[in-house]
Amino acid sequence: MGYEGTTINSSPTIALRAGADITAGSGLTVKYDTNGDVVLCNAAGEIALGILLLQTDGDIKTGDSLTVQIACRGKAVAGGTFKAGAALAVDTTGKLVEAAAGQFVLGYALSAGTADGFVDIEIAKGFKPNGA
């Protein structure tokens with residue numbers, strides 16, 4: 001996919017503390033835990049904070065500092081097959097899949113997705129309406 005404009009990703013990110021170990025977290029989705037730390041999303045369609053940057057090195061240990069992309073264009077790991085333009089929600093492994101009605105939408109696919117591949121995403125948070 002070609003991009004117009006800046007070649008440097010200037011998307012908004014925040015630095016937070018890991019609330020649990022995360023294995024190979026690059027491009028996976030995360031949420032806040034009850035302590036305000038960040039953990040991997042693990043329930044289908046739940047509210048996600050954002051995506052761990054692709055530059056996330058290896059495994060993350062509890063207490064490590066990590067960077068989360070919370071808006072704009074980015075890349076994430078797909079959990080299934082979907083077309084460009086699909087509304088995307090999280091699955092039980094922190095990957096993105098096509099959203100079902102009533103689920104929290106983290107964003108929209110800017111490229112087609114295949115299981116365990118990287119997908120271009122526009123983070124635009126909301127809910128997929130029932131009956132849609």
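**Ile123, the cores and the overall fold**

Trainee: Which residues does Ile123 touch, not counting residues up to four places away in sequence?
Mentor: Ile123 touches Ile51, Gln69, Ile70, Ala71, Cys72, Leu106 and Gly107, where a contact means heavy atoms within 4.5 Å. This is a predicted model, in which local features need pLDDT of at least 70, side-chain atom pairs count only at pLDDT 80 or more, and totals for chains, interfaces and linings use all residues. Residues are numbered from 1 along each chain as its sequence is written, and side-chain values use heavy atoms, with hydrogens and water left out.

Trainee: Why is Ile123 called buried?
Mentor: The relative accessible area of Ile123 is 7%. Buried means under 20% relative accessible area, with exposed over 50% and partly exposed in between (1.4 Å probe, protein chains only). Ile123 is therefore buried.

Trainee: Where in the secondary structure is Ile123 found?
Mentor: Ile123 is found in strand β10. Strands are DSSP runs of E with at least two residues, helices are runs of H or I with at least four, and both are numbered from the N terminus. The protein has 10 strands and zero helices.

Trainee: What makes the protein as compact as a globular protein of its length?
Mentor: Its radius of gyration is 14 Å, close to the 14 Å that the globule rule gives for 132 residues, so the description applies. The radius is taken over C-alpha atoms, and the rule is 2.2 Å times the number of residues to the power 0.38.

Trainee: What makes a set of residues a nonpolar core?
Mentor: Its members are buried Ala, Val, Leu, Ile, Met, Phe, Trp, Tyr and Cys residues joined through side-chain atoms within 4.5 Å. The largest such core has 16 residues, and Ala48, Ile51, Phe82, Leu88, Leu96, Leu106 and Ile121 have the most contacts inside it. Strands β7 (87–90), β9 (104–109) and β10 (118–127) each supply at least two residues of this core. A second, separate core of 10 residues includes Leu16, Val30, Leu52 and Leu66.

Trainee: Which residues does Phe82 touch, not counting residues up to four places away in sequence?
Mentor: Among them are Leu88, Leu96, Val97, Ala109 and Val119.

Trainee: How many of the 132 residues are buried, as a percentage?
Mentor: Buried residues make up 44% of the protein. In soluble globular proteins, nonpolar side chains tend to be buried together.

Trainee: What share of the contacts with a separation of 6 or more joins residues 24 or more positions apart?
Mentor: Such residues account for 56% of those contacts.
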